[in-house]
Amino acid sequence: MNKEVENLFNDQLNQWKLVGSNYEALSNVLIKEFDINGHTYRVQFNPARIHSSTAKVDQESLLERKCFLCAKNRPVEQKGLPFGTQYQILVNPYPIFNKHFTIPTLQHINQHILGRLGYMLNLCELMNEYVVFYNGPRCGASAPDHHHFQAGNKGFLPIQEEWSEEEGELIVGNTTDGLWFLNDTLRTMFVIEATHKEKALELFNILYQTLSTTPEEPMMNILAWRDKHKWIIVIFPRQKHRPSCYSATGEANLLVSPGSVDMGGVIITPLEKDFDKITAKHIADILKEVSLPHERCVELITQIKK
Ligand SMILES: [Zn+2]
């Protein structure tokens, strides 16, 4: 456990009213649980996440608003802890996890992962009781114009326990440092299990280059954490930012904007009507729709193996 991180969390809860009450409210949020093909999915009714779920991420809207991750625009109560020379650890004032942090760069630079995974792995070492996650600019990041990671306490996302039970195919590497494809029926998933940081970065770059088909970053969500002496990095390749139900009208509408947390098995519904309505079928449809199709992943695997 990192004492400075824990102190920051406790201090912010005690000294910042909004944060104190938002974390207290979290203990009363409604949760529904589903078992889909042997996997656990929880739905969390979390009204405070409405701003994130409905964040306008087009260029024009981003230019019009003040970036909430830039130090000059942040509330005076929000304190940060330096992480290296480029990042700051902040308590997320609108939590999903019992302990939820945002780790933005000091500089206002676009959300991107290439060349940044090493920092994410360092963060996993510093915050080894947390899962660190990354939402691509069109995959759930509500500030795609300001690079950031997030972290939440372990033991919350079902995928963290369940990934190792999935049937896996080793694509490249070995059992010490390897890139795997997991045969999950709803979400397509690549996993890097690595003892050596350099190897992890190398394997990630292979996957990244293979996923890259346009000058833009390939769409993805990433979860990473330390497990004993290893890093576990779960990559969800995406084909769609928001599912069709997000913009559907009438009964078909469901305000779910999936990011790493949702892909990891906790679906966030900021509206009560959606929390009441959502079924296992909705969850399966949403995850399938936004994930890169299985056939496409099979092509990528063949390409990597060549
Ligand atoms: Zn910014």
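Predicted model: local features only at pLDDT ≥ 70, side-chain atom pairs only at ≥ 80, totals over all residues.
Colleague: Which residues of H2 make the contact with H1?
Modeller: From H1, the contact takes Gln 12, Leu 13 and Asn 14. By class, the residues of the contact of H1 with H2 are 3 nonpolar, 3 polar and no charged. On the H2 side, the residues are Val 19, Gly 20 and Tyr 23.

Colleague: Is H5 roughly antiparallel or oblique to H7?
Modeller: Helix H5 (residues 117-126) packs against H7 with the axes 10 Å apart and an angle of about 135 degrees. Roughly antiparallel needs an angle over 145 degrees. The crossing is right-handed. The angle of about 135 degrees therefore makes H5, relative to H7, oblique.

Colleague: Which residues of H7 meet H5?
Modeller: H5 brings Leu 117, Gly 118 and Leu 121 to this contact. The residues of the contact of H5 with H7 divide into 5 nonpolar, 1 polar and 1 charged. Those from H7 are Lys 197, Ala 200, Leu 201 and Phe 204.

Colleague: Is the crossing of H7 and H12 left-handed or right-handed?
Modeller: Helix H7 spans residues 197-211 and helix H12 spans residues 294-305. They pack at an angle of about 125 degrees, with their axes 10 Å apart. That makes H7 oblique to H12. The crossing of H7 and H12 is right-handed.

Colleague: How many charged residues are in the contact of H7 with H12?
Modeller: Ile 206, Thr 210 and Leu 211 of H7 meet Leu 300, Gln 303 and Ile 304 of H12. By class, this contact has 4 nonpolar and 2 polar residues. The number of charged residues is none.

Colleague: Which residues does Val 132 touch, not counting residues up to four places away in sequence?
Modeller: Val 132 is among the residues that touch the most other members of the largest nonpolar core. With the residues up to four places away left out, Val 132 touches Met 120, Leu 123, Cys 124, Met 127, Phe 149, Ala 151, Ala 224 and Trp 225.

Colleague: Is Asn 37 buried or exposed?
Modeller: Asn 37 is found in the loop between strand E1 (30-36) and strand E2 (39-45). Asn 37 is not a glycine, yet has a positive phi of about 50 degrees. Asn 37 has 10, so Asn 37 is exposed.

Colleague: What is the phi of Lys 228?
Modeller: Lys 228 is found in the loop between strand E11 (220-227) and E12. With 7 C-beta neighbours inside 10 Å, Lys 228 counts as exposed. The phi of Lys 228 is positive in a residue other than glycine, near 55 degrees.

Colleague: How far apart in space are His 196 and His 229?
Modeller: His 196 is in the loop between strand E10 (189-194) and H7. Because His 196 has 12 C-beta neighbours inside 10 Å, His 196 counts as exposed. His 196 and His 229 are 33 residues apart in sequence, and C-alpha to C-alpha the separation in space is 9.2 Å.

Colleague: What separates the C-alpha atoms of Asp 58 and Arg 138?
Modeller: Asp 58 lies in the loop between helix H3 (50-53) and helix H4 (59-64). Asp 58 counts as exposed, with 9 C-beta neighbours inside 10 Å. Asp 58 and Arg 138 are 80 residues apart along the chain, and their C-alpha atoms are separated by 9.6 Å.

Notes
Residues numbered from 1 in each chain as written. Axes fitted to C-alpha atoms, helices over the stretch in contact; angles between N-to-C directions. Helix = DSSP H or I, 4+ residues; strand = E, 2+ residues; numbered from the N terminus. Parallel < 35°, antiparallel > 145°, perpendicular 65-115°, else oblique. Left-handed = near helix turned anticlockwise from the far one by under 90°. Contact = placed C-beta atoms within 7 Å. Nonpolar A, V, L, I, M, F, W, Y, C, P; charged D, E, K, R; others polar. Core = buried A, V, L, I, M, F, W, Y, C linked by C-beta atoms within 7 Å. Buried ≥ 20, exposed ≤ 12 C-beta atoms within 10 Å, placed from the backbone.
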